[in-house]
Structure formats: C-alpha cells, structure tokens
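Here are my notes on the model you sent. Please read them with the structure open.

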Amino acid sequence: MVRDDLYITVPSFFRCPISLDVMKSPVSLCTGVTYDRSSIQRWLDDGNNTCPATMQILHNKEFVPNRTLQRLIQIWSDSVRHRVDSSESPPATESVLARDQLLAAINDLEDSRSENRFDSVSKIVSFAQDSEENRDFLARTEGFVPVLVGLLGNVDSRVQRSIEFLELVVKALDLVLSKLENREELKILMLKSQGQGQSIDSVLLVLQQGSCESRIASARVLKSIAIDAESKLLIAEKEGLVSELLKLITPDKDPNLIENALSCLVAISTPKRNKAKLVHLGAVKVLSKLLSASNLSVSVAEKVLKLIETMSSTKEGRAQICEEAECVAAIVNKVLKVSSVATEHAVTTLWSVCYLFRDQKAQEAVTKANGLTKILLLMQSNCTPQVRQMSSDLLKIFRVNSKSCLSSYDTKTTHIMPF
C-alpha cells in the first residue's frame, strides 16, 4: 500500500525538456542542453535540425552522454526508493527535498557557464555541516570530490569574490575528508591531474588570505593528501606554502589554527629535503618561541617537540638548535611536564644534540636549565626502555666532560646517581 503522505518532488533538471519525464539516458547537444536520448533521437529522426529548447540551428547532430547528471539521477532514484520502501519513513521528509536541492547544486557546479556556482557551494557546505549522515552522503556521491577539486583549479584569484568562493570549496572538501574511503584519489586529483598544481595554488591562496576557519580547513586538506613521500615533497615544493604554514604557528594566532598548521607541518616533514627546507626557513626559531609560550596545550606541545626532533635528525637542524639556547632550555623545560609522548620527543632531541652531535653550547644550555635534575628524575620514573637508555647516555656525557657540569647543578634534592 502506497502511503498518501509521502510527497516526492522531482528536480526539474532531471526531466527531459521534450517528454517531461525523468531522463533514463541523458545526453547533451552542442548547444549544451540535455535531453533523454530516446526523445532527442526521435526529434532528429523526424528531420529537425534545431535544438528543441533554444531553437538554435545545430551545427552538428552529435550528442554526448551526460554521465554526471546520470549519476545524480541514479542517486536521487535510490534515495526515493529507500524512502518509499521503508515503513519507518516520516511523511514528506525534508531530507529527500534537501538532497534534491543538493543534487541540483552539484549539477550547477558542473556547468562552467552557471552563474549560481557560489550559491551552490554555499548550499553544499550548509548541507554538510548539518549532520554526519549528510557528509557521508556527499562522500559517497560519485564525482562530487573531482568536481570540487576541479573548481579549485579554475578560478581567477585576482577577483575578491573568487577568494570567498575558494574558501567555500576548501571548507566543503574539509567537511567530507573523514568520510572519504580513498585518500589516494584526492591526492592524485590535487597533485597530479592539475598538471601545474593549480589546486595547491588555490589552497595556498586561502592560507594567505582566507579567514581563520578557512585556513584551518586548508591545513587539514593539505595534511589529508600528504600520505606518502612523493605527495609530501610535492606539497613542500610549492613556493611559499611551508613559509605560510610557519607564519600560522606564532603564539598570537588562534590555538586551533596553530594546532592544525602544526599537524600539516608534521605530516610533510619526514622527507630529508623537507627537513632541510624547514631548517632553512627558520622553523627552529619559530618553534622555540611557540614552545616558550605560556598555556600551551598538550597536543600543541607534543607536535612542536615532534617537529624539533625531526629537524634534529639532520646536521643543519642540530646546528640551528644548538645556536638557539632558548630552544634547548624550552625543550628541557617540557621534560616530565607535558606527557610521556612530549618527554620522549624532548629527550630524543637532547640526546641528538648533546650525545650524538656533542655540541658544547647545547650541553651548557642543558646544564644551565637544570636539565640534569630532569634527567635524573626521568631515570627514576616509569619511562620506556628507549628513553631510559638515552637518559643514561646523556648522564655519561656530562659525567665525562668535567665535574664542573655537576658542580653547577644547583639543587637541594638528593639523588642516587645511576653510575
């Protein structure tokens, strides 16, 4: 029995202009108008040489399958069928109507001649923000992500309205990131398919000129496609991108923006070439200032220490850290004060500069910052075997250097020396 209260609206652009029925096989003429294949074929077979909707003379009678529209019609049909078959469906559900409007918005994005693309992306963002179910629906809509990425590479950045449009597109991408089953496809679309890297250019533009919320979304999108060495190198190679991320992690910035920019930097920092670039751009000084800031969250402190540890694995990075006495002091200060993860990152860095690199300035900075106290306490704590071994190595270095190190170690606490 069909329910009388189930109201289904068919989106107008799903109907063939000739038959007015929902199209089964949509095809487009050279005029850009789409018809159902059987209807337009019948029109042409009758000897007509014009477009039925516009009455323009056809320069050729060939037509191209509109696969995007066909996919949207299929998604809409499946959604309606599910509503009709479900005995639990609420009457005249708003979600069916909302999804109809959404599919119309996606169709507008496909049409480069459409003047409604800004409004269409706005509707998509609102739809995605509404619920997890909506975000999942968008992520599963075939062709949706490629359409968004295509918009990133096809905008005039000199127009202010275009910057706002790019912000919306980046937000839409960010909203469906967690629902995407295949990040590899997104990576290829953004880094390879565009050829000249136009998509990354647009994301960088949003990082530079967008709102705080849009910058956060941009950092999250970049992090999501940094899934292998190749993608990390391609992202970091974009002129101005890494330096822009470093500008976003100063203590005066929004805490959420700082954390997401740091997450992106951590994600792209592993290749040796990228480590060198971070060092060259002054990341050690920037991170040192951030690490010394008050009220730093645990997650931010962990990410900062992770980045410093990453750079300490290079000769240039160690040299920069050793030149920054404030950096070494800030690292020592975080040992045993943030989390076990932060402590491990901090100890690994100190081990690199003091034990491996044997830098005298770093050793003096550790001693001045009362680092020996921290190391001794760490040895007596429930730390990991790896951290315990590095701490032991550090203590041996200070013991071998001279008694002056230990004599300058000013504390009223009595410790049992582990050697």
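1. Overall make-up. This is a predicted model. Its protein chain has 419 residues, of which 50% count as buried. The secondary structure consists of 23 helices and three strands.

2. Contacts and surface. Taking contacts between residues at least 6 apart in sequence, 65% join residues at least 24 apart. The chain exposes about 20900 Å², and carbon and sulfur atoms supply 49% of that area.

3. Helix 6. This helix covers residues 144–152, and seven of its nine residues are buried, so the rest of the structure largely encloses it. The buried residues are F144, V145, V147, L148, V149, L151 and L152.

4. K171. Is this lysine buried or exposed? K171 lies in helix 7, which spans residues 160–176. Its relative accessibility is 18%, and because the cut-off for buried is under 20%, K171 counts as buried. Beyond its neighbours within four places in sequence, K171 is in contact with V125, E213, S214 and A217.

5. Helices 17 and 19. Helix 17 (residues 315–323) packs against helix 19 (residues 340–356) at an angle of about 95°, and their axes are 10 Å apart. Angles of 65 to 115 degrees count as roughly perpendicular, so that description applies to helix 17 and helix 19. On the helix 17 side the contact is made by R318, I321 and C322; helix 19 contributes T349, S352 and V353. By class, three residues in this contact are nonpolar, two are polar and one is charged.

Methods:
Residues numbered from 1 in each chain as written. Predicted model: local features only at pLDDT ≥ 70, side-chain atom pairs only at ≥ 80, totals over all residues. Heavy atoms only, no water. Helix = DSSP H or I, 4+ residues; strand = E, 2+ residues; numbered from the N terminus. Buried < 20%, exposed > 50% of the residue type's maximum accessible area, 1.4 Å probe, protein only. Contact = heavy atoms within 4.5 Å. Areas by Shrake-Rupley, 256 points an atom, 1.4 Å probe, with all protein chains shown as cover. Axes fitted to C-alpha atoms, helices over the stretch in contact; angles between N-to-C directions. Parallel < 35°, antiparallel > 145°, perpendicular 65-115°, else oblique. Nonpolar A, V, L, I, M, F, W, Y, C, P; charged D, E, K, R; others polar.
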